[in-house]
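Here is a briefing on one predicted model. Please read it alongside the sequence and the coordinates.

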Amino acid sequence: MISQLTSSSMVRTAYNPAKGERLKDFIRYTEVRELVYKIADLQRRPQDAFSSLAVLSLYPSEGKTLLCAALAAAYAETCRTRVLAVDTTTMRNPKSLSLKECIDPADPMIDFISLTDHRNGESEVSDVIHAPAGVAFESEVMDRGFPGLGTPPINEQYLVTKVTRNGAKQYGLVILDTAPLTARNKNNFDPALVSRLSDASVLVIGPRALSAADMPERLQALKDSGIRLIGAVSNEEFSQ
Amino acid sequence: MNNRTEPAGAADILSLAYQYRAMTLAITALSLAAFLTAAAVLPRKYKTHYVVTIYAKYFQNPLIQGIVTETSDSGELKAQRESLIRQAMTPEFLDGLAEKHGLYAPGRGGLDLPPAVSRLLKRMKEAGRQWGLFPQKKSGNDLSAARQRLLSRIEVFPLNNTTFQVGFVDPDPSVTFLVTRELYNQVIHTLLEVRTRNLVNIRDPIRKRLESLAFNMASSPDPRASVRPQLVREELSEVRGQLRALTTQYTEDHPLIAELRDRERILLRWLNNAPGGGIEAAEPRNPLVGGESPESARDAHADLTQKMDYLNIALESDKANQAHYFALLEAPIYPVSPLWPKTPLFALWGLGGGLLASLFLAAVRNYFDRSRIRAESLADRLGVPILGALPAVPWRKALPRAPQGAAMSAPQLTNGRARP
């Protein structure tokens, strides 16, 4: 299974070596490793154990992708276990960081999937998605009882659930990069859905979230959404 | 910066400046540029001066100590010296100076404003006069105001009780130098003239007293009358002619008429005493001397003659010893650098002002930054802990390297795969 997973079915294009190297320096010479320790520590608790972690933010450019990339690389290095980085974003600001650019394809400890590319048929079908998730999969999906959904959007839900379920069996941690919770692009994978389908979520709080006028409403919506939030990561001192 | 209430120290200020270093550098650079531009644009002022000492002997003369009261109080002497220097700046002298160097021209010595701004200011002043904010303009005030402005550019201040510095300020260095030299010449001329005039003012009354005493002294006839009575008659005729002309306009109490009457009496006396000089005397009016004995008149005449001689000697010696009363300690020098504006000073002000302004703005910005909602409070509202913070790093340049041994090594690879 592992050898199948390490086949060329994983699509990794547009890797930027410079960004990759900078990311390695970022992990080695800053305090981001402390985050990994805390997440690993949370993961070890029997009552809070999780295999998949969605990284959320209220607004774009808050630092989600950076955290995903740094978390994936640091977790793999620290915990000596394989990590699956999943990109569920669609439209991106050209100046924003891309998860694809940061994940080194030569690193055997980190695998990368873009659900958008899979949905659009722009990449080969991944084994994580292709492998069967189990008989109870369909009933589990229905049992979650997503509010406001008549017929669940099978594609998104199917993809995300397959990734999180299958990935949990094969990887130490599945990290999902999501679109901003306030994004209006219909092509996006709904970040709230991704978060609900993940075992746990982390909220990145950047400068824009702190100065938003409608912050109370957003927070209330976050509380009411049924997302399992295990913590927040501060990105107040915005890296330039 | 942390939220705390204790006063900020130097370390806090430095960290604040570092935190907002881009803004600090930009504001300081802008401020420096603005001040340097002002130093280049502002009208320049040049100043030069001279230093002169007026010795105490200017106010003294051993020959006439008994005649003229001398001052010994240092404060009074200092005031007299300053008064003499300022006395030299007569309106006629100022007008002459202004005409020669164009010192009354508009903008001379003041702010050289653009014409549009000057017109606007003039209109505002006219409006102010109509509303009663400024006094009404009177004719003749312009020249007086111009003199006042010129006088304000001449600086006189004492360095000590005997030494004074006199300076002049002008936008043109050549004019500054020339005017200062002329000021020096005028001050010296005035000092000498005042001293001479004081002596002459004492001598003239003594001479008149001598002449009136001579009128009463029969033992001292006019030598001219005995040798040439015709000369005395001619002078008498001339005096009487002047009297006839003046009495048509003035009364006998007029000083000039009284003086001529005295002269007439003296001439008559001499003629009467001279051989063959008899002539009818005019009616004597207002005799100056009456009731004195000839002996006392002779004594007074001798004393006054001695004093008169001393005064004449003092006047003559003054002409030869003029340089002994004052000394020029510092001659005027052609100004090569302006008094204002000074470029290094402006640069310093620009730097200092920019730093202060930027620190102030940084503090304000930091205050508002600190008063924002923090991530911890948001996490509290959500009921979740803060797991950590993404470090702020400069992505455009190399990260600061950790000390050797502090970095964790990368996972070792075996056959291209990570060690399990």
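Chain A averages a pLDDT of 77, and 77% of its residues score at least 70; pLDDT is the predictor's confidence in each residue, from 0 to 100. This is a predicted model, in which local features need pLDDT of at least 70 and side-chain atom pairs count only at pLDDT 80 or more, while totals for chains, interfaces and linings use all residues; side-chain values use heavy atoms, without hydrogens and water. Residues are numbered from 1 along each chain as its sequence is written, and chains are lettered from A in the order in which they are written.

**Confidence**
- In chain A, confidence is lowest in helix α1 (residues 2-5), with a mean of 32, and highest in strand β4 (residues 173-177), at 94. Helices (H or I, at least four residues) and strands (E, at least two) are DSSP runs, numbered from the N terminus.
- Residues 1-12 of chain A stay under 50 in pLDDT; the model gives them 33 contacts beyond four places in sequence. Contact means heavy atoms within 4.5 Å.
- Residues 146-152 of chain A are also below 50, with seven contacts beyond near neighbours in sequence.
- Where pLDDT is low, the predicted coordinates should not be read in detail.

**Nonpolar cores**
- The largest nonpolar core has 40 residues; A:Leu23, A:Phe50, A:Leu53, A:Leu67, A:Ile175 and B:Leu390 touch the most other members. Such a core is a set of buried Ala, Val, Leu, Ile, Met, Phe, Trp, Tyr and Cys residues joined through side-chain atoms within 4.5 Å.
- Helix α4 (residues 64-79) of chain A supplies the largest share of this core, eleven residues.
- Beyond four places in sequence, A:Leu23 contacts A:Leu66, A:Ala69, A:Ala70 and A:Cys102.
- A second, separate core of 31 residues includes B:Val52, B:Phe59, B:Val156 and B:Ile188.

**Sheet**
- Seven strands form an open, parallel sheet in the order β3(A)-β2(A)-β4(A)-β1(A)-β5(A)-β6(A)-β5(B). Two strands pair if DSSP finds at least two bridges between them.
- The edge strands are β3 (110-114) of chain A and β5 (386-389) of chain B.
- Strands β1 (residues 52-57) and β5 (residues 200-205) of chain A pair over five bridges. A:Ser57 stands opposite A:Val204 in β5(A).

**Helix α4 of chain B**
- In α4(B) (residues 91-101), B:Phe93, B:Leu94, B:Leu97, B:Ala98 and B:His101 are buried. Buried means under 20% relative accessible area, exposed over 50%, partly exposed in between (1.4 Å probe, protein chains only).
- The buried residues fall within an arc of 130° seen down the axis, so they line one face of α4(B). The arc is that of the directions from the helix axis to the C-beta atoms.
- The face turned away from the buried side of α4(B) carries exposed B:Glu92, B:Glu99 and B:Lys100.
- Just after α4(B), B:Gly102 takes a positive phi of about 65°.
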